[in-house]
Amino acid sequence: MPTLRRLLAPIVFVCAAAVGACSGESTAPDTPAGATPATPVTPASTVPVQVAAPNPSLAAVVSEPFVYDASRSGAAFTDPRRTGLAYAVSFAPSSNGFTATNGRITGTPVAPAMTTVTITARDSSGSSASQSFVIVTFASDLTTPTLPVTLLAYSDARVPLPRHYAQAPPNAPSPIAADNTPSTNPTTDAGATLGRVLFYDRRLSVNDRVSCASCHQQQFAFSDSAQLSRGFAGARTGRHSMGLANARFYDRGRFFWDERAATLEAQVLQPVQDATEMGLTLDQLRTKLSLTPYYAALFSAAFGTADITTERVALALSQFVRSMVSVNSKFDRAFAANGMPNFPATFTAEELAGQMLFNGRAGCARCHGTNAHISDDIHNTGLDATETDAGAGRGRFKAPSLRNVAVRAPYMHDGRFRTLNDVIAFYDAGVRANPDLDPRLRAGNGQPLRLNLSAVERTALAAFLNTLTDVTFLQDPRLSSPFPR
């Protein structure tokens, strides 16, 4: 007869197993040495709602109906409990004409804007998850650029500099010696083509109202006829728009009137981000360009891939600006193929007299040198007895090349002089005493220099400065807007 102990033994084993299960202990066999323990499975009822498929940035157009399912037919979030999800959508900084019902966005946007959309999914237990994306609403009047099948010429290989730019004139430096083109960003035809499109594209402003060319207009030698330019919302800029002709030739390599940008590549992105001028962040810029269909091919042609980065934007814009070289004025036409000039055969007697003043008694060439008529440094020119704008420090400012100076009034960093004659009159008799006045504008007694020009001499100097006007440059199709009007 079996003993009572033997009858109870199986019962005790089963209860022990049950107790182990109830206490959370594993009932699986011991894990062999060196093996990985099995991962406990979390019941679906305890997994929260999670983002599964993020929404991409989207494009819309003012006054055109827009429809989008931000829930992505239920695929935007996980629903582990299988209880069904409810969706709520918010818009910032405003709805801009959009509405949403359970994740479905509809509406007709009313203005160019960048709208951040946040969609939140919630299950019946209260578990929730959110994701955000951007709807970029473009202005309805934007167009696509028209570009030739064969690239226009911008590189030095296809548009070589004339000899009088590449060699030094007697007793003067050569323009090419002041070239600020970095070895890492040579101008190419495809790169400058991309830069040209970017320069004229109003998509580079937050509300599609202004482009780089709004303040730097070709007919005014890429300056502005207004004393202060208007930004995207109509506010005025802090300084006059600097002319860009021959910006390539300045060996200090710094940009803006106050030289706050160390390179052209650093300068070109600053107006885009300026709160008055164009109003975009660099992330917003990249998003807008990525949603614009024609940019992928342009970036690919310029850089080998379609990747759109702000660094590449800076490189391309810089290439286009450096291609703005003015070489076909009356002054340039005085030079023969060998680079030697014959001014008496080209200029009028009045223009020749003005040139002699420019290079001699008036002293203009001391600060505006080479055959490209470029500035050599920053200078305090005695505009005010007491500095009202520190500029690059102590009232000193960079000056643009004098090429096309006659068509880009008003003048100076603040646009105070309305005409070229006003500028000549200032340097003749209006330079103010200033502790930081440039020595070249001081007389032997330390006081501001007075040229004592006659009316005839002032007129002659203006006549010479007019010989620097390059009509070809002001109308060059390579430098004009590629966007149909």
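Rings of Phe, Tyr and Trp (its six-membered ring) are said to pair if their centres lie within 6.5 Å; planes under 30 degrees apart count as stacked, over 60 as edge-to-face and the rest as tilted. The model is predicted, with local features requiring pLDDT of at least 70 and side-chain atom pairs pLDDT 80 or more, whereas totals for chains, interfaces and linings use all residues. Numbering runs from 1 along each chain as its sequence is written, and side-chain values rest on heavy atoms, without hydrogens or water.

By the ring criterion there are 24 aromatic pairs. Phe91 and Phe98 are stacked, because their ring centres are 6.1 Å apart and their planes lie at 25°. Both of these residues are buried, a term that denotes under 20% relative accessible area, with exposed over 50% and partly exposed in between (1.4 Å probe, protein chains only). The pair of Phe343 and Phe347 is tilted, at 5.1 Å centre to centre and 35° between the planes. Phe343 is buried at 14% relative accessibility, and Phe347 is buried at 6%. Ring pairs also join Tyr154, Phe199, Tyr200, Phe222, Phe320 and Phe473 into a cluster.

Charged side chains form a second set of contacts. A salt bridge is counted when a side-chain nitrogen of Lys or Arg is within 4 Å of a carboxyl oxygen of Asp or Glu; the whole structure holds 24 salt bridges. Asp179 and Arg248 form one of these, at 2.9 Å from N to O. Asp179 lies in the loop between helix H2 (163-166) and helix H3 (189-200), and Arg248 in the loop between H4 and H5, 69 residues apart; helices (H or I, at least four residues) and strands (E, at least two) are DSSP runs, numbered from the N terminus. Asp179 is partly exposed at 23%, whereas Arg248 is buried at 8%. Arg322 and Glu265 also form a salt bridge, with their closest N and O atoms 2.7 Å apart. This pair links helix H9 to helix H5 across 57 residues, and both partners are buried.
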